[in-house]
Every structure is written in C-alpha cells, then in structure tokens.
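Hi,

Here is the structure I promised to pass on. Have a look at it first, and then read on for my notes.

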Amino acid sequence: MYKLIDYSHWNLNGKGNNILTQLTPHEIQVWQKALPFQDKRNDKGHAEFVTYFAVNLLKYVKAERGIVVPAAILHDIGWSQMSKEEIAQFYLPNWRDFEPQLRKRHQEEGVNLAGKILDGVNYPQEFIPKILEIISQHDTRQGFLNSEDGIARDADKIWVFSLPCCRLAIRKKRNFNKSIYDQLSEWLSQKGFFYLDISRETAKIEFQNTLNNLDEAQRDYLKNRQKFLNINLLIRT
Ligand SMILES: [Fe+2]
Ligand SMILES: [Fe+2]
C-alpha cells in the first residue's frame with residue numbers, strides 16, 4: 001500500500017535528505033554528482049521527488065532498478081547546460097512556439113551530461129545505453145519503451161500532483177485554458193497518460209495530499225482560475 005508523503009517531515013530543499021536512505025551507495029554517488037545540475041527550471045525538489053516516486057514504483061513492478069533510478073535522477077539535468085537566452089524563451093508570451101525545440105535541447109544535453117556522470121562513477125556499462133535512451137526522449141516519446149521507461153517517466157509525471165509543483169503552478173499563474181485543478185484531474189483520467197495503474201493511484205493519493213496541504217486561498221486559485229481572471233479583468237478596467 002502506497003504511503004503518502006508526510007509534508008510535516010519532508011525537507012523541501014531538494015538536496016536529497018528524504019531519499020538518500022533509500023538509495024544504494026552507487027545511486028548515492030550518481031545523486032551527488034548530479035546535484036549541482038538539478039532543478040534548473042525553478043522547480044526545487046523536482047529531481048528528488050521523481051527519484052522518490054521511481055523507487056516507490058519499483059516495489060510494485062518488476063523492472064531493472066539499475067536503469068530506473070539513475071534515469072529518474074538524471075532525466076532533467078540537461079536544463080543546466082542551456083543558455084540563459086534559451087531558458088528565457090520559456091517566459092515569452094509565445095513560449096509555446098519555442099517549447100518543442102527547448103524540450104529537445106534539454107534531452108540532448110541531458111544525455112551528454114548523464115553519460116559523463118555515469119562514466120565518472122564507474123556505473124555498470126551494461127545499463128548506461130538504456131538509461132541514456134530513456135533520458136533522450138523522456139518528454140517527447142509517444143508511448144513507452146519498456147517498464148524501466150514507463151516507471152521513470154511515470155515518476156516524472158507524478159511530480160505534477162505534488163505540493164511543491166502545485167504551489168509553483170499557482171505562483172507562476174500557470175496558463176492552461178482551464179483551472180489547474182481541472183487540468184490535473186483530466187490527466188488523472190486520461191488513457192495512456194501513465195504507463196502503470198499504480199502510478200495513477202499514487203498520483204491520485206498525492207493530489208489529495210496536496211489539496212489537504214494547500215491553504216484555502218491556494219486551493220481556491222487552483223480550482224477557480226476563471227474567477228481570478230475575472231477579478232483581474234475587473235481591476236484592470
Ligand atoms: Fe524533462
Ligand atoms: Fe522532469
């Protein structure tokens with residue numbers, strides 16, 4: 001049975017305090033080498049949450065841990081290799097025009113840097129190509145390659161339902177054409193969004209956990225974006 005995150009004890013600094021006891025010595029080496037390159041999209045805690053969810057999913061499904069955990073740890077380090085100008089494109093009004101190219105670039109850079117990190121800790125050579133293959137299209141691949149790819153990418157998606165990610169979406173006034181709550185609910189029921197049913201269940205449990213941990217104003221914003229947009233409109237006119 002999946003045990004939800006206890007946010008009263010979870011350290012949100014993203015440095016790995018919540019997961020290190022669950023990692024093998026070799027995985028800890030990968031984590032520490034990768035740490036300076038993590039969470040570069042202003043998403044503190046992302047790598048740690050994804051790794052945490054990946055380790056959890058491995059309890060339910062047969063898959064090669066030696067591939068899944070490093071893929072989860074390293075999947076987004078490519079953002080750290082991109083220029084300020086490139087990242088700034090995300091903040092332009094027409095950011096969606098740039099998004100496919102930016103996603104492609106962070107995957108390419110991620111593969112390069114992950115390869116160096118894995119070689120640097122003498123990671124088993126047999127696993128490295130499979131880890132890099134997952135990273136190479138983790139945001140863009142249609143469907144799933146295998147259970148290792150499915151678990152690593154499901155873990156990345158469960159993050160979206162976590163408390164820090166929802167707070168981030170509220171802070172950024174994340175612009176869906178519906179409320180954040182409705183968008184997340186849609187993903188929860190969308191066929192093929194997750195590889196595993198247990199990932200969907202985990203995301204549902206964590207989404208409820210997030211709602212319980214948000215304050216009332218944040219919850220209201222999450223659910224009623226339109227109401228806030230109308231208020232903004234009234235203030236402006
Ligand atoms: Fe990514
Ligand atoms: Fe990610």
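Predicted model: local features only at pLDDT ≥ 70, side-chain atom pairs only at ≥ 80, totals over all residues.

Let me start with helix H6, which covers residues 128–136. Its buried residues are Ile131, Ile134 and Ile135. Looking down the axis of H6, these fall within an arc of 100°, so they line one face of the helix. What do the buried residues of H6 pack against? The partners are helix H3 (65–74), helix H5 (95–120) and helix H7 (147–158).

The pairing of H6 with H5 can be described in more detail. In general, two packed helices are described by the angle between their axes and the distance between the axes. Here the axes of H5 and H6 come within 8 Å and cross at roughly 155°. Angles over 145 degrees count as roughly antiparallel, so H5 is roughly antiparallel to H6. The crossing of H5 past H6 is right-handed. If you want to find the contact on screen, look on the H5 side for Gln107, Gly110, Val111, Ala114, Gly115 and Leu118. On the H6 side, the residues they meet are Ile128, Ile131, Leu132, Ile135 and Ser136.

Next, the core. Nonpolar side chains tend to be buried together in soluble globular proteins. The largest nonpolar core in this model has 44 residues. Within this core, the residues that touch the most other members are Ala54, Val68, Ala71, Ala72, Leu74 and Ala155. Ala155 is a handy one to click on: setting aside neighbours within four places in sequence, Ala155 is in contact with Val50, Phe53, Ala54, Leu57 and Ala72.

Finally, two single residues. Ala47 sits in helix H2 (residues 46–57). Is Ala47 buried or exposed? Ala47 is buried, because 28 other C-beta atoms lie within 10 Å and 20 or more are enough for that label. Not counting residues up to four places away in sequence, Ala47 touches Gly14, Gln38, Asp39, Ile73 and Asp76. Val30 is 17 residues from Ala47 in sequence, and their C-alpha atoms are 12 Å apart in space.

Glu86 belongs to helix H4 (residues 84–88). With 16 other C-beta atoms within 10 Å, Glu86 is partly exposed. Leaving out residues up to four places away in sequence, Glu86 touches Leu102 and Arg105. Between the C-alpha atoms of Glu86 and Lys172, which are 86 residues apart along the chain, the separation is 19 Å.

Technical notes
Residues numbered from 1 in each chain as written. Chains lettered and ligands numbered in written order. Buried ≥ 20, exposed ≤ 12 C-beta atoms within 10 Å, placed from the backbone. Helix = DSSP H or I, 4+ residues; strand = E, 2+ residues; numbered from the N terminus. Arc of directions from axis to C-beta. Contact = placed C-beta atoms within 7 Å. Core = buried A, V, L, I, M, F, W, Y, C linked by C-beta atoms within 7 Å. Axes fitted to C-alpha atoms, helices over the stretch in contact; angles between N-to-C directions. Parallel < 35°, antiparallel > 145°, perpendicular 65-115°, else oblique. Left-handed = near helix turned anticlockwise from the far one by under 90°.
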